Amino acid sequence: MMTVGLFIPCYMDQLYPNAAIATLELLEGLSLDVVYPLHQTCCGQPLANSGFSHLTQGCNALFIENFSRFDYVVCPSGSCALHIKEHLSSLNQQEDATALASRVYELVEFLTDVIKIQALDASFPHKVSLHHSCHSLRGLYLAQMSELSSPTFSKPNDLLNMVDGLELVKLERSDECCGFGGTFCVFEEAVSAKMGKDRVDDHVVSGSEYITSSDMSCLMHMEGILKRNHSATKVIHIAEILNSKSAPNIEPKG
Amino acid sequence: MDHASLASTFNKDEPRVDWHDESLWWVRQKRDLQARSVADWEVLREVASAIKNNVLANLGTYLQAFESHAIKRGIVVHWAADAGEHNAIIHRILEENRITAMVKSKSMLTEECGLNAYLADRGIHVVDSDLGERILQLADERPSHIVMPAIHKKKEEIGELFHEFLGTPKGESDPQRLTEAARLHLREVFLTRKAALTGVNFAIAETGEFVVCTNEGNADMGAHLSDVHIASMGIEKLIPQREHLGVFLRLLARSGTGQPITTYSSHFSGPRQGQQMHIVIVDNGRSTQLGRADFKASLKCIRCGACMNTCPVYRRSGGYSYRTTVAGPIGSILAPNLDMRDYADLPFASTLCGSCTNVCPVKIDIHEQLYKWRQVLAKEGHVAHSKSLLMKGAAAVLSRPSWYQVSGKLLRWFLRHFPKIASKFTKWSDHRELPEAPKQTFAGWYKQNRVERNG
């Protein structure tokens with residue numbers, strides 16, 4: 001049986017445990033040997049994207065120590081998965097780091113590309129709109145990008161279409177950035193908030209009840225705006241939808 | 001003021017931000033339609049990228065070839081190491097010909113060099129003939145976008161300017177009528193100016209010719225009626241052969257404005273009888289950029305503006321927030337090359353969403369260069385001390401699982417018990433609620449439900 005190391009981003013561990021639990025249960029349901037190494041922290045992306053990649057050795061060393069033993073590493077965040085894939089480095093074991101980085105998968109692509117999942121026992125009778133996180137889309141190529149002239153495909157849509165009762169609604173701007181951007185969200189607060197507001201409006205106008213995404217960080221940002229405006233639209237991580245077992249009217253927490 | 005502050009000011013007028021965003025998004029959508037109308041669009045981009053890589057790898061050779069062919073055609077070639085030399089050369093040419101008034105079509109390079117102000121100080125009056133640039137000249141402003149310089153101005157505001165300077169009726173804001181007024185005004189300028197300056201979109205190494213693209217025909221009007229035609233170009237404007245125009249002319253307008261091609265693609269191959277034709281080839285920091293392995297690809301840029309039109313940050317912060325002639329994503333990777341300290345904020349004025357890289361017709365890895373500039377700027381000490389300390393603290397915590405767990409616990413406890421105080425501590429809360437902090441982390445849940453249960 002293949003062993004899967006579960007990498008949960010730091011902010012999900014601290015603030016969105018339900019999305020992490022859903023990820024774990026979803027993977028366990030596929031008869032995989034899933035292990036969550038307890039000494040994990042963060043991928044180091046907040047430091048690197050702020051220009052301090054030279055301070056990420058500690059995060060890198062921890063990641064290598066925690067995950068080297070697994071066949072695959074799965075992470076329910078496209079952004080963190082992409083960061084590891086592109087930037088995992090090691091002063092004295094770079095070959096191992098590179099090999100490990102190539103075994104890291106974002107949850108959706110793990111399900112569609114490695115497991116090649118064909119059906120899901122899930123039900124979510126709601127109107128749902130998909131937010132593409134830029135790193136999942138333009139970094140990991142989870143779907144066709146609006147800028148490119150290339151055939152249409154969407155790995156997250158393929159999965160959401162396997163869910164009973166779920167109705168996917170269309171957006172005016174299919175893949176514009178929500179403006180979270182890591183530390184951008186506070187250092188460029190005005191533009192970040194405006195981008196988020198515009199993105200959220202597009203989802204709300206589409207009639208969506210739930211905004212879903214393979215990145216909880218975008219959802220955290222959009223949730224903050226929805227709540228400030230007392231909107232009825234909610235956010236939900238894609239793992240929570242894919243793991244919702246025929247339970248109507250579930251009230252997931254964030 | 002840095003980008004964040006200027007963008008914050010811009011965002012005080014939300015309807016205007018929406019208008020600016022939608023104007024540019026409309027151009028982005030036109031671009032998408034045009035891109036999809038060309039079979040093998042992505043191949044075309046790849047070819048353009050390869051041609052430009054070849055140019056940059058052999059820049060010296062191509063520049064010398066261009067110079068020798070241009071000279072054979074009767075064109076006078078000048079070399080300018082920086083903006084100062086560029087301006088002085090042009091001043092000297094005008095002085096030698098006793099010319100005190102010049103008409104100029106759109107040239108971002110002359111904006112970069114501050115030519116208009118330089119010449120004005122020396123008694124030479126320059127009229128910009130590109131409609132957008134003329135509007136800004138009347139308003140005493142600088143372009144906010146390299147292709148649509150006055151994109152930030154509403155037609156009513158232009159009507160006011162034209163009423164004041166060109167005598168159109170008060171309250172007139174019909175674009176057709178305003179354009180007609182500008183046209184009559186510029187016609188008089190074209191007929192009376194003895195010198196005309198144009199930019200250069202493409203300079204062909206094998207022939208010594210150059211091509212200028214406009215939508216208004218204003219470069220032609222100025223150049224053809226002038227006794228002295230001066231063309232300013234950056235050293236990166238070269239393409240090896242004439243046949244390569246077929247690649248770039250198909251990409252340029254489709255990417256920039258969503259047109260199949262610019263209305264005018266004017267080929268200049270030498271002065272007509274009795275005319276002087278000069279080309280000023282400018283470095284102004286470009287060779288320094290060429291020497292930076294991580295950033296030299298930025299010199300592939302053909303100035304189409306597509307990255308600005310697609311950039312969700314540019315659309316919501318406006319061109320002026322970048323404080324450079326070339327704004328937006330490409331400007332943010334070009335500017336730090338000229339002055340790292342002054343423009344240290346620009347590579348951070350991005351979410352690294354990557355849309356710029358996808359629309360770039362010459363496939364510049366713009367968002368990856370933004371990331372790389374951040375690393376350079378932090379190492380060179382151009383990031384605020386407070387941010388630097390914050391990052392060092394974060395690195396210490398995130399490198400130690402026990403510190404991380406304790407910090408997380410404290411943070412959640414604080415968020416749960418004092419959400420209002422927590423809100424006051426962070427700019428996050430200006431427009432957003434903070435997330436609700438759960439009692440238990442995922443790690444805590446996992447220990448309870450998996451580790452302990454399984455023994």
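Visitor: Leaving aside its neighbours within four places in sequence, with which residues is A:Ser231 in contact?
Guide: The model discussed here is predicted. Once the neighbours within four places in sequence are set aside, the contacts of A:Ser231 are A:Val204 and A:Leu226.

Visitor: Where in chain A is A:Ser231 found, and does A:Ser231 count as buried or partly exposed?
Guide: A:Ser231 belongs to the loop that lies between α12 (216-228) and β8 (234-237) of chain A. A residue needs 20 or more C-beta neighbours within 10 Å to be buried. A:Ser231 has 15 such neighbours inside 10 Å, and therefore counts as partly exposed.

Visitor: What distance separates the C-alpha atoms of A:Ser231 and A:Val200?
Guide: Along the chain, A:Ser231 and A:Val200 are 31 residues apart.

Visitor: Which domains does the assignment give for chain A, and how far apart are their C-alpha centres?
Guide: Chain A is assigned domain 1 (3-114) and domain 2 (127-242). The distance between the C-alpha centres of domain 1 of chain A and domain 2 of chain A is 22 Å.

Visitor: How many nonpolar residues are on the side of domain 1 of chain A that touches domain 2 of chain A?
Guide: The contact takes 24 residues from domain 1 of chain A and 21 residues from domain 2 of chain A. On the domain 1 side, at least two residues each come from α1 (10-15), α2 (17-28), α3 (45-49), α5 (78-87) and α7 (107-114) of chain A. By class, this side of domain 1 of chain A has two charged residues, nine polar and 13 nonpolar.

Visitor: Turning to chain B, what percentage of its residues count as buried?
Guide: The secondary structure of chain B consists of 22 helices and 10 strands. Along the principal axes, its C-alpha atoms fill a box of roughly 95 × 55 × 45 Å. Of the 455 residues of chain B, the buried share is 48%.

Visitor: Which strands stand at the edges of the open sheet in chain B?
Guide: The sheet of chain B has six strands with parallel pairing, in the order β1-β10-β7-β4-β2-β3. From one strand to the next, the twist averages 25 degrees. An edge strand has a single partner, so one side of it is left without a neighbour in the sheet; in chain B these strands are β1 (76-80) and β3 (125-128).

Visitor: Which residue in β4(B) stands opposite B:Met102?
Guide: Strand β2 (residues 101-104) and strand β4 (residues 195-198) of chain B run parallel and are joined by three bridges. In β4(B), the residue opposite B:Met102 is B:Ala195.

Visitor: Which helix lies across β2, β4 and β7 of chain B?
Guide: This helix covers residues 218-225 and runs at about 145 degrees to β4(B). The helix lying across β2, β4 and β7 (228-234) of chain B is α11.

Visitor: How far apart are the centres of domain 1 of chain B and domain 2 of chain B?
Guide: Chain B is divided into domain 1 (38-284) and domain 2 (396-451). Taken over C-alpha atoms, the separation of their centres is 56 Å.

Visitor: Which residue of chain A is in contact with B:Arg412?
Guide: B:Arg412 lies in helix α20 (residues 401-417) of chain B, and its 19 C-beta neighbours inside 10 Å make it count as partly exposed. B:Gln440 is 28 residues from B:Arg412 in sequence and 9.1 Å away in space, C-alpha to C-alpha. Leaving aside neighbours within four places in sequence, B:Arg412 is in contact with B:Ala437 and, in chain A, A:Gln14.

Key
Residues are numbered from 1 along each chain as its sequence is written. Chains are lettered from A and ligands numbered from 1 in the order in which they are written. This is a predicted model: local features need pLDDT of at least 70, side-chain atom pairs count only at pLDDT 80 or more; totals for chains, interfaces and linings use all residues. Helices (H or I, at least four residues) and strands (E, at least two) are DSSP runs, numbered from the N terminus. A residue is buried if 20 or more other C-beta atoms lie within 10 Å of its own, exposed if 12 or fewer, and partly exposed in between; C-beta atoms are placed from the backbone. Two strands pair if DSSP finds at least two bridges between them. Axes are lines fitted to C-alpha atoms, for helices over the stretch in contact, and angles run from 0 to 180 degrees between N-to-C directions. Two residues are in contact if their C-beta atoms, placed from the backbone, lie within 7 Å. Domain bounds come from an automatic or database domain assignment. Ala, Val, Leu, Ile, Met, Phe, Trp, Tyr, Cys and Pro count as nonpolar, Asp, Glu, Lys and Arg as charged, and the others, Gly among them, as polar.
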